[in-house]
Structures are given as structure tokens and as C-alpha cells.
Amino acid sequence: MVSTVSIIFIVMNMILGIMIPVGLLVYFRKKYQASVKSFFVGCAVMLIFALVLEQIVHTVVLGSDIGTTIRDNIWFYALYGGLMAGLFEETGRFLAMRYVLKNEHSNAHNALMYGAGHGGFEAMVILALGMINNLIYSVMINMGQTQALLTPLDESSKGVLQEAFNTLITTPSWHFVLSPVERIAAITAQIALSVIVWFAASEKKSRIQFLLLAIVLHAILDAASVLAAKSGMPIIGVEIMIYILAIAFVVLARVIWKKMIFCSEDAKLLANAYPVRRLNVDEIQSALDLTWEVFLQFEAPEYSKEGIDFFRESLDDEERTRALKFYGAFDGDQLVGTLCMREPQHIGGFFVKADHHRQGIGRALFETMRRDYDKQEFTVNSSPYAVKVYEHLGFQATDKEQVVNGLRFTPMIYK
């Protein structure tokens, strides 16, 4: 018989297999505005690279003569398994971050969200899906219905299934508690590895050394787990070792995070002396005043009187203003830059005071705004003066220059 306590723990594992990754998804989204896309890309990479492609290679390699040698030597087997896991998962992680998530690089916390998806999907497979068989087998054992499963099978399959039944019957109930405990350590390690690979993939010039580091660390974790388990080490000892390695990965990832986040161009701009945030309602008039001041200095000379008057009227249009979302950059208590957005994702105004040009404030405003949107596609009608500025941010013209209501502008898009 399988004890009732064991069955309760099996059900709890199934529930936790869903709750842990979903909880991380909600937490990272709420705390860091990390993109949901990063989570599901992480899930997809684990499925494709670890559960499909890697398994195909295992079937071919371990089914060969070389595979026999690998399986017969625990050191070869641990090293092989660790390297394969590292190569497939970290390469998949790098490719996804480099190309699929290329528009998510402005928010480094998307690395955490990706890791939650990558490790969380594995937890769902092992805890939620993997425990379904254990639950079904346990119920059938307790109901005396195991022969219904054994009878149709050949002798070899019967032996495998009977061994599974015996394991369920003889495994102490508390062992089932260790499954989610081990998954928490594994997800922690996956998030740390995701941070390391993120900085390999998200920089303009990829840093392959970080990818290689992640492959080696992943191989060490998996190989060490296999060797520890096969050596007869108590299961508690194995779990402690996994936690020690996971914590070491986190410490290393944190060091890399701090180093890279303050070295990257975007991070410097976001962490400079000019904090950027959403403006309150009572601050919007200051943003409009700044807009008019900078407009007169740099853009009005390009426009006719009709265009200047139309622009002034648009600033005085309270209904239009209420529909805008304003961001501001501050030098102490002074507003020195502003950016406003209108639906769906169109930049309606983008101005920085003259004495604060070329200090990264424009990019800081733009990058801060981007974090509020899942879809990284933005449009703008750029004045002649600002075209080069938008091109530097990554915008491209979608049409030739136009004139409407006396205003000259070039339609541009960022995607």
C-alpha cells in the first residue's frame, strides 16, 4: 500500500508544479514590469532544446557503441549528461535571447522572467505532469488493480512497471517533500544562468565568454548531481549540494549583473544623475511649458507661422493633453526633459532643455517609457531637427517628409 501521506504529498507536488512558475511570472511582472513574452520564450526553449532536441541526440549517442562505454562508466556518464544539458539549454537560451527577445533588451529584468519560464516549465513537467503517473499508480495499488496494467505487457515492461510500483510502496513519505524543494534550487540556478547568458546575448557585441561560462556551470551542476546520487550520498546531502551550487551561481550572476548593468550604455543612461519617471497630473503644465520653450528654440525656425500657431494650439488643447501619458527627467527638482505618449504607441512630444542636451537624458526617457509596453513598436512624426535623434534611438523613416497644418514631419517607426 502507498500511504495516505505519500498520496497527499504527490498531490501537493502537482499543485506546486503549477503555482511556483505562475507565482514567479506574476511577481516579476508586477515588481519589474518584465515582459510576459520572456517567460513563455523560456518555456519554449526548455521544451524544444532540452526535451526534444537533446533527447534525440541521447537516443543516437547512447544507442551506439560509444554509448555503451559512456553508460558503463559513471564518470563518463555524468560528464556526458552534464555537457549535453549545458550545450543544448544554454545555446537555446542564447539564441532566444539574442534574436527572439531582441526587442526586450532594454529591461535586464527580463532575464529573470526568462529564467522563471525556462526553469518553471521543467518544474511543471517534473512536478505537475510527472506526478500524475505516481498518483494513478498509487490509487491502483491501494485498490488492488495493478494487474489491470501489468497483464497486457510483455515480461520486460512488466518488470519495469512492477519496479515503479515497488518504489512507490517503499519510498518514505517525506521523500516526496524533497521534489519541490529540489525544484526551487533548480529554478534558482536556471534564473542565475539566464542572467549570465542575458549579458552574452543582449550586448551589441555578443560576449561569448559568458555563454561558455554558463555551459560549464550547467555541466558542473548536472554532473555533480549524478555523481552524488550514484555515490550513495544521502538524499539530503545531494539536495544540500545542489543548493550550495545554486547559491554560488546566484552570487556569480549578481556580480556579473552589477558589473554589466553599470558598464552598458543604456544602463549608464538609466542610472545617471537625472532620474526619469511618470509625471503626476500637477506636473503636466511644467512639461507643456518646457515643450514650448524647447520648440521655440529648435523647431519653430523650421516651421511657418501656421505651423507654430497650430503647435501652440495643440499644447492648449486640454482634451488632447488628458489623453497623453507624460514622462519626465529631473535635475534635482527641476524638470529638464519630457516625453509624452498617445494611443496606441505614438510619441506625441519629446523635448530636452538646451543646456541638458547630449547627457543621455533623451535615451533615458525613451528607455524608461519602453519598459511600460510589452509590444516594442513605436511611431513618431519627427520634426526635421529631431530626425537624427530618432535614428540614433533606432527609428527608421517609413515615408518621405510631409507638411500638415504647417508642420513639417517625417513618419518614423521603432520596432
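**Group meeting: local features of a predicted model**

I will begin with L53, which sits in helix α2, residues 36–62. Helices here are DSSP runs of H or I with at least four residues, strands are DSSP runs of E with at least two, and both are numbered from the N terminus. This is a predicted model, so local features need pLDDT of at least 70 and side-chain atom pairs count only at pLDDT 80 or more, while totals for chains, interfaces and linings use all residues. Residues are numbered from 1 along each chain as its sequence is written, and side-chain values use heavy atoms, with hydrogens and water left out.

L53 has a relative accessible area of 35%, so it counts as partly exposed. The cut-offs are under 20% relative accessible area for buried, over 50% for exposed, and partly exposed in between, with a 1.4 Å probe and protein chains only. L53 belongs to a nonpolar surface patch of about 560 Å², together with L47, I48, L51, V52, I56 and V60. Patch residues have over 30% relative accessible area and no salt bridge; nonpolar side chains (Val, Leu, Ile, Met, Phe, Trp, Tyr) are joined within 5 Å, and like charges within 9 Å. The areas come from the Shrake-Rupley method with a 1.4 Å probe, and for residues only the protein chains shown count as cover.

Next, the strands. Strand β2, residues 325–331, is mostly covered, with 5 of its 7 residues buried. Which strands pair with β2? One is β1, residues 276–278, which runs antiparallel to β2 and is joined to it by 3 bridges. The other is β3, also antiparallel, over 7 bridges. Two strands are taken to pair if DSSP finds at least two bridges between them. On the β3 side, K325 is placed opposite M341. β2 and β3 make a hairpin with 2 residues between them, and G332 in that turn has a positive phi of about 70 degrees.

Most residues other than glycine have a negative phi, and most peptide bonds are trans. Where is the cis peptide bond? It joins E343 and P344, with omega about 0 degrees. P344 lies in the loop that connects β3 (334–342) to β4 (346–352).

Two residues other than glycine have a positive phi to mention. For R358, phi is near 60 degrees. R358 is in the loop between β4 and α15, the helix of residues 361–370. Its relative accessibility is 87%, so R358 counts as exposed. For N405, phi is about 55 degrees, again positive and again not a glycine. N405 is in the loop between β7 (402–404) and β8 (407–414). With 35% relative accessibility, N405 is classed as partly exposed.

On to salt bridges. How many does a search of the whole structure find? The count is 14. The criterion is a side-chain nitrogen of Lys or Arg within 4 Å of a carboxyl oxygen of Asp or Glu. I will go through some of them.

E283 and R277 form one, at 2.6 Å from N to O. E283 is buried because its relative accessibility is 17%, whereas R277, at 35%, is partly exposed.

D316 and R312 form another, at 2.8 Å from N to O. Both are in helix α13, residues 305–316, and they are 4 residues apart, about one turn of the helix. D316 is partly exposed at 49% relative accessible area, and R312 is partly exposed at 26%.

R363 and E367 also meet in a salt bridge, at 3.5 Å from N to O. They too are 4 residues apart, in this case in helix α15, which means a separation of about one helical turn.

Last, cysteines. A disulfide is a covalent bond between the sulfur atoms of two cysteines. The rule used here is a pair of cysteine sulfur atoms within 2.5 Å, and by that rule the count is 0 disulfides. As for individual cysteines, C43 is buried, with a relative accessible area of 9%. C340 is also buried, at 6% relative accessibility.
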